[in-house]
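What can be read from it?

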Amino acid sequence: MAKIEIYTKAFCGFCSRAKSLLDRKGAGFQEIDVTMDRAGFDTMVDRAHGRRTVPQIFINGEHIGGSDELAALESAGKLDALLAQPG
């Protein structure tokens with residue numbers, strides 16, 4: 001199974017949507033809550049090429065984007081293949 005990291009903040013509807021999709025897929029993930037973590041937030045921004053919104057999702061170290069991009073991968077039938085890659 002792929003290594004999935006998802007940067008989130010408290011009370012974020014888009015974060016909940018992304019996590020729900022991953023849960024439905026049975027994909028385990030590491031959640032990194034940056035609500036009160038400035039260093040974690042700065043790390044996320046660096047890794048996400050300047051993107052400051054949450055969630056920011058990484059699969060096997062590759063930046064996927066946010067909730068909309070994750071949903072687009074699912075709609076295009078490409079998410080399962082990414083999740084099946086060993087991490």
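Below, a few questions are worked through in turn.

This is a predicted model, where local features need pLDDT of at least 70, side-chain atom pairs count only at pLDDT 80 or more, and totals for chains, interfaces and linings use all residues. Residues are numbered from 1 along each chain as its sequence is written, and side-chain values use heavy atoms, without hydrogens and water.

Student: What pattern does the protein chain follow along the sequence?
Tutor: Helices (H or I, at least four residues) and strands (E, at least two) are DSSP runs, numbered from the N terminus. The chain has four helices and four strands. Read along the sequence, the pattern is β-α-β-α-β-β-α-α.

Student: Is strand β1 largely enclosed or open?
Tutor: Buried means under 20% relative accessible area, exposed over 50%, partly exposed in between (1.4 Å probe, protein chains only). I4, I6 and T8 point one way from β1, E5 and Y7 the other way, and all are buried. With five of the five residues of β1 (residues 4-8) buried, the strand is largely enclosed.

Student: Which residue in β2 is the bridge partner of Y7?
Tutor: Two strands pair if DSSP finds at least two bridges between them. Four bridges join β1 to β2 (residues 30-33), and these strands run parallel. In β2, the partner of Y7 is I32.

Student: Which residue in β3 stands opposite Y7?
Tutor: Strand β3 covers residues 56-59 and is joined to β1 by four bridges. The two run antiparallel. Opposite Y7 stands Q56.
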